[in-house]
Amino acid sequence: MPLRLVLSAAIAAVIGAGAAQAETIKIGVTPGPHAQVLEVVKPIAAKKGLDIQIIEFSDYVIPNTALDAGEIQANSFQHQPYLDNQKKDRGFKIESVGATLNFPLGIYSKKHKSFADVPAGGTVAIQNDPTNGGRSLLLLQANGIIKVKPEAGLKPSVADIIDNPKKLKIIEVEAAQAPRSLDDVDAASINTNYATQAGLTLNDAILKEDAKGPYVNVIAVRSVDKDKPWVKTLLASYHTPEVKAFVQEKFKGAVLPSW
């Protein structure tokens, strides 16, 4: 065989071997910051031999269902209390492997410039899942608006409200629908990723959560996958100065890096 053909075959073999070593994973995210940050992570991971396919979900339930079923290999959309609640309620065999972002929660209004302007008997929308809804109630409590039973911990429900001086009507909506509820209520608690999609920033909030707290978001994988090499590669690609700089520049404090 001519030397030129031998060299060509050798080069092709090397390229083929490199392609074979690359691993592809699907990561579930919600639209907005989680998806945007992973787009920055993707080329960093590619250089380390990990091909990331980003799959967007429009709610907070399906990403964990899909992960537990093995339809995706990881997800990045939830904080630890939400994951803990999902595992307890649904028996998912998934767990967090690393921190990602912190999204300080905000309560927004189209009708009032401050929460003090919300009238007695006004309507406030909160999320209908236990962890985010409870988080919203705790935000109201932290601002002296309501009181909830201390034993409710991080997941108080509307039934746990023990003092409501303004007689506010608390209604529960799907987290993804909270921005749309702003036309119909006095105020609504909205998660940052959905607020961002609706053109809102944390500066627009009439109440906002302290950035320090238990609600740091995480990357979750199936329990059987937690020690696989690609998990370490994914975290190493995410926890980089380039990604941190992107978060700080893109979101201007509305989303915070948590590593």
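Two strands count as paired here if DSSP finds at least two bridges between them. Helices (H or I, at least four residues) and strands (E, at least two) are DSSP runs, numbered from the N terminus. With that in hand, here's a look around the protein.

First, a word on what you're looking at. This is a predicted model, in which local features need pLDDT of at least 70 and side-chain atom pairs count only at pLDDT 80 or more, while totals for chains, interfaces and linings use all residues. Residues are numbered from 1 along each chain as its sequence is written, and side-chain values use heavy atoms, with hydrogens and water left out.

**The whole protein**

The protein has eight helices and 13 strands. Its C-alpha atoms fill a box of roughly 90 × 35 × 30 Å along the principal axes. Of the 259 residues, 47% are buried, meaning under 20% relative accessible area with a 1.4 Å probe, protein chains only. Take the contacts (heavy atoms within 4.5 Å) between residues at least 6 apart in sequence: 75% of them join residues at least 24 apart.

**The sheet**

Now for the six-stranded part. These strands form an open sheet with mixed pairing, in the order S2-S1-S3-S12-S4-S13. Its edges are S2 (50-56) and S13 (256-257), each of which pairs on one side only. As a rule, strands of a sheet pair through backbone hydrogen bonds, either parallel or antiparallel.

Which strands does S3 pair with, and in what sense?

| Pair | Sense | Bridges |
|---|---|---|
| S1 (residues 23-29) and S3 | parallel | three bridges |
| S3 and S12 (residues 216-222) | antiparallel | five bridges |

Gly28 stands opposite Asn75 in S3, and Ala74 is across from Val221 in S12. Val218, also in S12, has Ala99 opposite.

**Around strand S3**

How many residues of S3 are buried? Six of the six are, so to speak, under cover in this strand, which spans residues 74-79. Helix H4 (residues 80-90) lies across S3, S4 and S12, running at about 110° to S3; axes are lines fitted to C-alpha atoms, for helices over the stretch in contact, and angles run from 0 to 180 degrees between N-to-C directions.

How values were computed
Buried < 20%, exposed > 50% of the residue type's maximum accessible area, 1.4 Å probe, protein only.
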